Amino acid sequence: MDFRKLEYFIAAVEHGSFTKAAQECFVSQTAMSQQIAAMEQELDFLLFDRSNYRPTLTLAGKAFYESSKQIIADYQQAVKKAKALKNDFSGSLRIGISGPVEKQFLPEVLSKFVACRPEVNLELHELSFRKLSEKIRNSEIDIMFGLANEIEIYPQIETTILFTSTLCVIVSTSHPWHDRSEIYGNELKSEKLIIFSKTYGPKYYESFFKSCKCDGFEPNILREVENFDELILLVSANKGIAIISEEVLTETSGIHQIKLKETHHHSAFCMARNRNADNPLINEFMQLLINKQ
């Protein structure tokens, strides 16, 4: 059976008339009737009950109609994917983001990419560093953004550093340090700290404690949080202070920003891909972003 016959059959069902279906398919009514009759002979069951003025589907015809629509849809999708590969792109790009940093530079790059590749299906996934690193290793996403120390340890991952973060301390505007412009790393030993949890980013978590030790103290952790917004809210409520990249901060009421000096805390932000990924859109997108830097 060829796809043309299936298209005739679907048209006849959806129009409820062989005549209207024939007009849509640019064939005569006689040809339409002959094609559907040939289908019934080939299938060895009736698709339509013709005892009334308008043909109606038999029970077998109803079941075959639903399957026929799926067959046509699958065929069209297969053709679309094959054409995409022929034209040297996969047709989709899956991008993983971890928080507010990307929201400052990514919209412009995405806009340019879409303008160049309007046919590409873009997927955005906002997850923790840990979950993103799992997905990039399992090839469930094509590109991710996050902290370099969270993902560069994996040999199958290729990272590109976008910038080295400038770290600062954030406190509530009602905190005793609300009027300070700079602070030294070892001064944090007397403060209650709010940090991202180990499940959010295991390597970030490990690095944080090592850096505090190198600064000469054991951190007093008040709360471990799962997202950026929770951290900001707790700091603004004067529940504790936090170390964070200046690049992620925007104008936030209730927050005072202090430069962090003479510290071992450090952070580099990167984009990453799986070395084994063969989607050519990855290189195209990454180059577009690099050119913007």
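1. For burial, a residue is called buried under 20% relative accessible area, exposed over 50%, and partly exposed in between, with a 1.4 Å probe and protein chains only. The model is predicted, so local features need pLDDT of at least 70 and side-chain atom pairs count only at pLDDT 80 or more, while totals for chains, interfaces and linings use all residues. Residues are numbered from 1 along each chain as its sequence is written, and side-chain values use heavy atoms, with hydrogens and water left out.

2. Leaving aside residues up to four places away in sequence, Leu188 touches Val169, Trp177, Ile183, Phe217, Ile241, Ile243 and Leu260, where contact means heavy atoms within 4.5 Å.

3. Taking a salt bridge as a side-chain nitrogen of Lys or Arg within 4 Å of a carboxyl oxygen of Asp or Glu, the count comes to 16 salt bridges. One of them joins Glu284 to Arg117, with the closest N and O atoms 3.1 Å apart. This pair links distant parts of the chain, 167 residues apart, since Glu284 lies in helix 10 (residues 280-292) and Arg117 in the loop between helix 5 (102-116) and strand 4 (121-126); helices (H or I, at least four residues) and strands (E, at least two) are DSSP runs, numbered from the N terminus.

4. How does burial compare across that pair? Glu284 counts as partly exposed at 31% relative accessibility, whereas Arg117 counts as buried at 18%. Arg117, Glu119 and Glu284 are also linked in a network of salt bridges.

5. A salt bridge also forms between Arg275 and Glu158, where the closest N and O atoms are 3.9 Å apart. Arg275 lies in the loop between strand 13 (268-274) and helix 10, and Glu158 in strand 6 (residues 157-164), so the pair ties together parts that are 117 residues apart in sequence. Arg275 is partly exposed, with a relative accessible area of 49%, and Glu158 is partly exposed at 31%.

6. Within helix 8 (residues 202-214), Lys210 and Glu206 are 4 residues apart, about one turn of the helix, and they form a salt bridge whose closest N and O atoms are 3.1 Å apart. Glu206 is partly exposed, its relative accessible area being 36%.
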